[in-house]
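Have your viewer ready and follow along.

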Amino acid sequence: MISVRYWAALCVALLPMLAASAGELVLAPGYGPLQYTPPVAGSYSLPPLGFAADGQVINDAGEPLQLNELLGDKLVLLGFIYTRCSDINGCPLASYVMKKVQNGVARDDTLNSQVRLISLSFDPESDTPDALRDYARHFRRQGSDWQFLTTASEATLQPILEGYGQVRQKNYDENGDYTGSMSHILRVFLIDRQGRIRNIYSTGFLHADTVISDLRTLQIEAETKPVPGD
């Protein structure tokens with residue numbers, strides 16, 4: 001069985017070697033420099049795409065809460081992962097990019113303390129609070145608001161997956177036994193303070209530079225929005 005520690009270390013420490021072997025492995029754009037100049041933050045809009053779904057979750061301290069309790073007071077970047085994912089362009093990419101976003105936000109006076117990152121596991125059987133806590137220590141910097149969440153069961157997980165349109169399928173061997181791996185579509189959601197989804201990033205579009213530009217755009221929007229009654 002592949003450990004959480006293995007894949008976390010792979011994502012953090014081995015990327016330079018993977019990049020050097022790009023002829024054998026094609027890495028997602030999020031691992032390298034952005035190949036174009038993004039629009040200036042605030043010069044474009046991000047139309048709402050619907051409301052973020054709620055659900056019963058458990059944080060890495062083992063505390064139960066509603067997902068909506070983590071929405072509303074900050075801008076949120078929410079990604080679905082599972083810690084044993086072996087696809088370098090899947091969950092490890094999401095965690096890598098979110099780590100870079102975390103570091104970029106910490107250096108930005110306009111965003112520092114205004115952003116919350118959420119990694120929500122879709123493997124409640126293996127991703128216990130203890131497992132998530134071990135995984136989180138490879139990514140979450142001290143003082144950062146990065147929540148690592150799981151669910152109590154498949155029954156509580158499914159409504160959340162359906163609410164976000166997150167597809168994942170467990171893989172089984174020829175004997176019908178679960179292999180511990182899943183086929184899934186990478187999706188990371190940008191959510192504003194009104195609980196509205198403002199962007200959805202997939203493998204080919206998930207990059208820290210564009211995410212931070214989108215976060216700044218939403219922050220500028222909030223600061224310039226007229227106050228009711230003025």
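**Ground rules and overview**

This is a predicted model, in which local features need pLDDT of at least 70 and side-chain atom pairs count only at pLDDT 80 or more, while totals for chains, interfaces and linings use all residues. Residues are numbered from 1 along each chain as its sequence is written, and side-chain values use heavy atoms, with hydrogens and water left out.

The chain holds 6 helices and 9 strands; helices (H or I, at least four residues) and strands (E, at least two) are DSSP runs, numbered from the N terminus. Of its 230 residues, 47% count as buried. Here buried means under 20% relative accessible area, exposed means over 50%, and partly exposed is in between (1.4 Å probe, protein chains only). Among contacts (heavy atoms within 4.5 Å) between residues at least 6 apart in sequence, 72% join residues at least 24 apart.

**Strand pairs**

Two strands pair if DSSP finds at least two bridges between them.

| Strands | Sense | Bridges |
|---|---|---|
| β1 (residues 56-59) and β2 (residues 64-66) | antiparallel | 3 bridges |
| β1 and β5 (residues 146-150) | antiparallel | 2 bridges |
| β6 (residues 168-172) and β7 (residues 178-184) | antiparallel | 4 bridges |

Towards β2, Q56 has Q66 as its bridge partner, and towards β5, I58 stands opposite T150. The hairpin of β1 and β2 has 4 residues between the strands, and G62 in this hairpin takes a positive phi near 85 degrees.

The other hairpin to look at is made by β6 and β7, with 5 residues between them; G176 in its turn has a positive phi of about 85 degrees. Along this pair, K170 is bridged to M182 of β7, and R168 stands opposite H184.

**Helices and their buried faces**

Start with α4 (residues 129-136), where A131, L132, Y135 and A136 are buried. Seen down the axis of α4, these residues fall within an arc of 135 degrees, so they line one face of the helix. The arc is that of the directions from the helix axis to the C-beta atoms.

Which residues of α5 (residues 154-164) are buried? They are T156, L157, I160, L161 and Y164. Their arc around the axis is only 130 degrees, which puts them on the same side of α5. The face turned away from that buried side carries the exposed residues A155 and E162. Covering the buried residues of α5 are elements that include β1, β3, β4, β6, β8 and β9.

Helix α6 (residues 208-224) has 17 residues, which at 1.5 Å a residue should span 24 Å; its end C-alpha atoms are 24 Å apart, so the two values agree. The expected span is 1.5 Å times one less than the number of residues. The buried residues of α6 are A208, T210, V211, I212, S213, D214, L215, T217, L218 and Q219. Their cover includes β3 (75-81), α3 (91-106), β4 (115-121), β8 (188-191) and β9 (197-201).

**The largest pocket**

How much space lies in the largest pocket? About 210 Å³. Of the 16 residues that line this pocket, V105, N112, G143, S144 and D145 are the closest to its centre. The elements that give two or more residues to the lining are α3 and β4, and α3 provides the largest share, 4 residues.

For the method, a pocket is an open set of points on a 1 Å grid over the protein atoms alone, where a 1.4 Å probe fits and protein lies on both sides within 12 Å along at least five of seven lines; lining residues have an atom within 4 Å of a point. Grid points are joined across faces, edges and corners, and the volume is the space filled by probe spheres set on the points.

**Two loop serines**

Most residues other than glycine have a negative phi. S113, although not a glycine, has a positive phi of about 75 degrees. This residue lies in the loop between α3 and β4, and at 46% relative accessibility S113 counts as partly exposed.

S126 is found in the loop between β4 and α4 and, at 25% relative accessibility, also counts as partly exposed. Leaving aside neighbours within four places in sequence, S126 is in contact with R84 and A131. S126 and G180 are 54 residues apart in sequence, with 8.7 Å between their C-alpha atoms.
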